[in-house]
Amino acid sequence: MSGTNAGVVVVGGGQAGFSVVQALRGAGYEGPVTVFADEPRLPYQRPPLSKKAHTEPEGPGVDLVPESFYRERDIELRLGEYVAALDTAACAVTTGSGERVPYEHLVLATGARNRPLPVPGAELAGVHALRSLDDALAIGRALTTARDVVVVGGGFIGLELAQVAQAGGARVTVVELADRLLSRAVSPQLEEHLRERHERDGVRILTGTAVERIEGTGGQVHRVATSQGPLPADLVLYGVGAVPRDELAREAGLAVDDGVIVDEQLRSVSDPRVFAVGDCARYPHPHADGLIRLESVQNAIDQGALIGRRIAGGAAGPYESLPWFWSDQGPVKLQIAGLRATTDEVRVVPGDTPERLATYAFRDERLVAVETLNWPAEHLAARRLLQQDPPVSPADLAGSTLGALARARRTKEVRA
Amino acid sequence: MPIVIFELPDGTQRKVTADSGTVLMQAAVSNGVDGIVAECGGNASCATCHVYVDERHGEQVGPPNDVEDEMLDFTAAERRPTSRLSCQVQVSDALDGLVVHIPEEQV
């Protein structure tokens with residue numbers, strides 16, 4: 001049985017797992033803390049991998065913190081080790097090498113893995129997906145000689161990589177099965193503008209187009225067959241979604257449905273000693289209709305920090321951070337605050353310069369989500385206002401931006 | 001390498017070595033300085049690495065860039081004349097001995 005000093009075991013060395021241990025020690029937790037990170041390197045930032053890290057792969061700032069951070073805080077970082085099984089009855093995990101490690105609290109921060117590309121030829125040399133730093137390095141090497149790049153999938157990763165490849169001098173075609181880019185993530189109104197900007201930069205975009213197979217010579221990719229005809233390719237990059245790594249929980253008998261199902265405290269609904277955070281967790285959110293699972297840095301950091309503080313005894317209450325997200329696609333900075341539903345009414349707001357644009361999504365006469373292009377100030381104003389009471393109504397924004405409204409409200413607060 | 005001093009809201013100081021060529025946010029994060037969240041990892045996207053440059057060093061560090069300037073209007077803690085986003089402040093040997101104050105809140 002777990003003793004009181006069995007401590008915390010965190011499964012996963014990504015942003016969410018790091019956030020847990022940082023918050024644990026930050027909040028004064030003194031018990032043992034062990035992190036299992038299956039990659040044999042210090043936890044690192046993932047956002048730069050698709051945006052710039054492959055051009056400066058070992059450059060500063062990829063590691064989240066140096067090794068000394070863990071040492072000084074007595075955090076046992078088990079790099080290159082994975083957890084093979086979870087025994088919730090005995091409160092212990094079993095590692096890949098068969099070692100049993102007991103826990104008092106277990107945090108699943110296992111993240112997500114790439115959905116494979118389900119077409120013939122996906123195994124050819126020159127076909128890459130991106131998840132890890134090693135993937136980014138391989139793509140970086142391939143980009144130094146690539147001339148014709150086909151990006152399969154018009155999601156965030158695909159579009160970020162398309163811009164990187166294009167900036168490197170390659171001819172780039174994005175092939176997307178849906179009839180628009182980022183179909184689940186952004187409004188049709190924003191997508192239209194985003195697409196236009198990519199095309200202006202020279203990225204060719206084929207929506208409503210299926211990849212049928214990838215063809216090679218001598219094991220090396222040379223062409224992609226699509227429903228619109230063949231495309232020459234010496235490099236294929238694909239990003240067609242991710243699936244949560246929830247099998248450890250499922251095999252242990254915990255409730256799982258495209259992610260580990262947790263309550264508003266981020267505890268497994270099956271076992272109060274088990275938490276799940278980040279990409280692998282499916283949870284209730286006050287702004288969502290039903291359970292959601294988000295793949296974002298904000299979600300990983302905020303959920304991890306809450307659980308770290310909670311275990312340390314310093315936090316109570318439900319998880320309700322406002323979701324926000326960003327994507328740098330070459331010269332385009334896309335930011336999203338809040339959760340939009342397809343039935344929301346979307347208003348397009350021109351920016352104060354031609355590069356800028358915002359969309360405001362309203363539901364029942366209240367602002368629920370804001371998308372911006374190249375307009376970080378408006379994004380930040382949105383994040384402030386979406387968390388304020390009373391909510392912002394369409395009338396509040398007649399002829400005004402969120403930035404102006406937030407400045408006015410802040411001035412009023414200061415005067416009051 | 002320059003030494004930078006981060007002063008926390010409770011008055012305690014953390015003296016850290018910063019690498020020239022990196023940014024101030026990185027020095028804080030690498031050394032586990034509390035109160036610099038840096039959610040976006042230094043992409044000028046989140047405004048959670050806000051600092052107040054000590055008034056003695058304000059001129060030396062200089063003003064924010066245009067986008068940073070707009071973002072500083074929406075930081076969690078109040079904006080002051082020497083507010084900067086620490087991810088936008090380049091570290092150089094000239095900043096040796098720099099003191100920056102960390103605000104009460106970032107998110």
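Start with A:Cys91, in the loop between β4 and β5 of chain A. Keep in mind that this is a predicted model. A:Cys91 has a positive phi, about 55 degrees, and it is not a glycine. Most residues other than glycine have a negative phi. Is A:Cys91 buried or exposed? A:Cys91 has a relative accessible area of 2%, which is under the 20% cut-off, so it counts as buried.

Now the strands on either side of that loop. β4, β5 and β6 of chain A make an open sheet of three strands, in that order, with antiparallel pairing. β4, residues 83–87, and β6, residues 100–102, stand at the edges. Each has a single partner strand, so one side of each is left without a neighbour in the sheet. From one strand to the next, the twist averages 25 degrees.

Look at β5 with β6. β5 covers residues 92–95 of chain A, and its antiparallel pairing with β6(A) runs over three bridges. Opposite A:Val93 you find A:Val101 in β6(A).

A:Arg78 lies in strand β3 of chain A, residues 75–79. Is this arginine, A:Arg78, buried or exposed? The relative accessible area of A:Arg78 is 12%, so it is buried. Leave out residues up to four places away in sequence, and A:Arg78 touches A:Thr34, A:Val35, A:Phe36, A:Ala37, A:Thr95, A:Glu99 and A:Val101.

Next, a helix pair. Helix α1, residues 15–26, and helix α7, residues 297–312, are both in chain A. Their axes come within 7 Å and cross at roughly 35 degrees. The crossing of α1(A) and α7(A) is right-handed. On the α1(A) side, the contact is made by A:Gln15, A:Ala16, A:Ser19, A:Val20, A:Ala23 and A:Leu24. On the α7(A) side, the contact residues include A:Gly304, A:Gly308 and A:Arg309. What kinds of residues make up the contact of α1(A) with α7(A)? They divide into 10 nonpolar, four polar and one charged.

On to helix α3 of chain A, residues 133–143. Its buried residues are A:Leu133, A:Ala136, A:Leu137, A:Ala138, A:Ile139, A:Gly140 and A:Leu143. What do the buried residues of α3(A) pack against? They pack against β9 (127–129), β10 (148–152), α4 (156–167) and β16 (235–238) of chain A.

Follow β10 from there. Five bridges join β10(A) to β11(A), and these two strands run parallel. A:Val151 stands opposite A:Val174 in β11(A). Strand β11, residues 171–175 of chain A, is mostly covered, with four of its five residues buried.

β25(A) and β26(A) form it, with six residues between them. β25 takes residues 345–350 and β26 takes residues 357–363. The two pair in the antiparallel sense over six bridges. A:Val346 stands opposite A:Ala361 in β26(A).

One backbone detail in chain A. Most peptide bonds are trans. The bond between A:Asp389 and A:Pro390 is cis, with omega about 0 degrees. A:Pro390 is in the loop between α8 (376–386) and α9 (402–415) of chain A.

Now the interface. The size of an interface is often given as the accessible area lost when the parts come together. Chain A and chain B bury about 2100 Å² between them. Carbon and sulfur atoms carry 49% of that. The contact takes 31 residues from chain A and 24 residues from chain B. Which residues of chain A lose the most area to chain B? A:Leu380, A:Arg384 and A:Arg410, and together they give 23% of what that side buries.

Last, chain B itself. B:Ala38 is in the loop between α1 (24–30) and β3 (50–53) of chain B. B:Ala38 has a positive phi of about 55 degrees, and it is not a glycine. Its relative accessible area is 11%, so B:Ala38 is buried.

B:Asp69 sits in helix α3 of chain B, residues 66–71. At 34% relative accessibility, B:Asp69 counts as partly exposed. B:Asp69 touches B:Pro64 and B:Arg79, leaving out residues up to four places away in sequence. B:Asp69 and B:Gly35 are 34 residues apart in sequence, and their C-alpha atoms are 20 Å apart in space.

That's the tour. Over to you for discussion.

Terms used. Residues numbered from 1 in each chain as written. Chains lettered and ligands numbered in written order. Predicted model: local features only at pLDDT ≥ 70, side-chain atom pairs only at ≥ 80, totals over all residues. Heavy atoms only, no water. Axes fitted to C-alpha atoms, helices over the stretch in contact; angles between N-to-C directions. Left-handed = near helix turned anticlockwise from the far one by under 90°. Contact = heavy atoms within 4.5 Å. Nonpolar A, V, L, I, M, F, W, Y, C, P; charged D, E, K, R; others polar. Pairing = 2+ DSSP bridges. Buried < 20%, exposed > 50% of the residue type's maximum accessible area, 1.4 Å probe, protein only. Buried area = accessible area lost by both parts, 1.4 Å probe.
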